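Biologist: I am new to this one. Please show me the model, and then let me ask how you know what you say about it.

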Amino acid sequence: VLQGDPQPPELQRVALQNRLDLRAALARRDAAEAALRVELARQWPELTLSPGFAWDQGDRVWSLGLGLVLPPGGRNRAAIDAALAQREFQARRVEALQAAALARLDAARDALAAADALRH
């Protein structure tokens with residue numbers, strides 16, 4: 001590393017943060033994670049309570065509504081498996097982009113070191 005240049009961990013951080021393709025891949029990975037959470041939540045029954053209050057001819061009337069949504073048959077296993085596979089795919093894509101960015105950084109640093117060695 002040349003005098004005054006950032007240290008390698010700093011170079012790696014900057015190289016990874018300033019790539020739009022990597023940021024987009026991270027966003028897709030986060031979306032896949034959120035989709036998995038939704039599918040996991042859908043495997044349980046959804047119960048909603050709706051309190052109500054009305055004024056009817058001088059009488060106060062309290063009511064309580066109850067709603068129940070049952071999960072799909074099979075506990076939503078197929079959708080969960082698909083969401084898991086998508087999350088894994090997106091995670092591997094992020095790892096591949098990170099590896100490629102770091103390989104390019106190493107190649108550039110090696111080329112710079114070689115040019116510096118030729119200069120001296």
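Modeller: This is a predicted model. Start with α2: the helix has 22 residues and spans 32 Å from its first C-alpha to its last, close to the 32 Å expected at 1.5 Å a residue.

Biologist: Which residues of α2 are buried?

Modeller: Leu-22, Ala-25, Ala-32, Leu-36 and Glu-39.

Biologist: What puts them on the same side of α2?

Modeller: They cover an arc of only 100° around the axis, so they share one side of the helix. The face turned away from that buried side carries the exposed residues Leu-20, Arg-37 and Ala-41.

Biologist: What covers the buried residues of α2?

Modeller: The cover includes α1 and α3.

Biologist: Why is Glu-39 called buried?

Modeller: Its relative accessibility is 16%. Buried means under 20%. So Glu-39 counts as buried.

Biologist: Where is Glu-39, and what does it touch?

Modeller: Glu-39 sits in helix α2, residues 20–41. Leaving aside residues up to four places away in sequence, Glu-39 touches Asn-76, Ala-79, Ile-80 and Ala-83.

Biologist: What makes the pair of Glu-39 and Arg-42 a polar contact?

Modeller: Their side chains come to 3.2 Å. The cut-off for the N or O atoms is within 3.5 Å. The pair is listed as a polar contact.

Biologist: How many salt bridges does the structure hold?

Modeller: There are 11 salt bridges. One of them joins Glu-33 and Arg-87.

Biologist: How do you know that Glu-33 and Arg-87 form a salt bridge?

Modeller: Their closest N and O atoms are 3.2 Å apart. The limit is within 4 Å, from a side-chain nitrogen of Lys or Arg to a carboxyl oxygen of Asp or Glu. The pair therefore qualifies.

Biologist: What does this pair tie together?

Modeller: Glu-33 lies in helix α2 and Arg-87 in helix α3, so the bridge ties together parts that are 54 residues apart in sequence.

Biologist: Why is Glu-33 called partly exposed?

Modeller: Its relative accessible area is 24%.

Biologist: What about Arg-92 and Glu-88?

Modeller: They form a salt bridge with the closest N and O atoms 2.4 Å apart. The two are 4 residues apart in helix α3, so about one helical turn separates them.

Biologist: Which salt bridge does Glu-95 form?

Modeller: Glu-95 pairs with Arg-92, the closest N and O atoms being 2.9 Å apart. Elsewhere, salt bridges that share partners join Glu-33, Arg-37 and Arg-87 into one network.

Biologist: Now Gln-57. Why is Gln-57 called exposed?

Modeller: Its relative accessible area is 78%. Exposed means over 50%. So Gln-57 is exposed. Gln-57 sits in the loop between β1 (46–56) and β2 (59–69). Its phi is near 50°, a positive value in a residue other than glycine.

Biologist: Where is confidence lowest, and where highest?

Modeller: Helix α1, residues 8–17, is lowest at a mean of 84. Helix α2 is highest, at 95. The protein chain averages a pLDDT of 88, and 94% of the residues score at least 70.

Technical notes:
Residues are numbered from 1 along each chain as its sequence is written. This is a predicted model: local features need pLDDT of at least 70, side-chain atom pairs count only at pLDDT 80 or more; totals for chains, interfaces and linings use all residues. Side-chain values use heavy atoms; hydrogens and water are left out. Buried means under 20% relative accessible area, exposed over 50%, partly exposed in between (1.4 Å probe, protein chains only). A polar contact is a pair of N or O atoms within 3.5 Å; within protein, one must be able to donate a hydrogen and the other to accept it, and residues adjacent in sequence count only if both atoms are side-chain atoms. Contact means heavy atoms within 4.5 Å. pLDDT is the predictor's confidence in each residue, from 0 to 100. The expected span of a helix is 1.5 Å times one less than its number of residues. The arc is that of the directions from the helix axis to the C-beta atoms.
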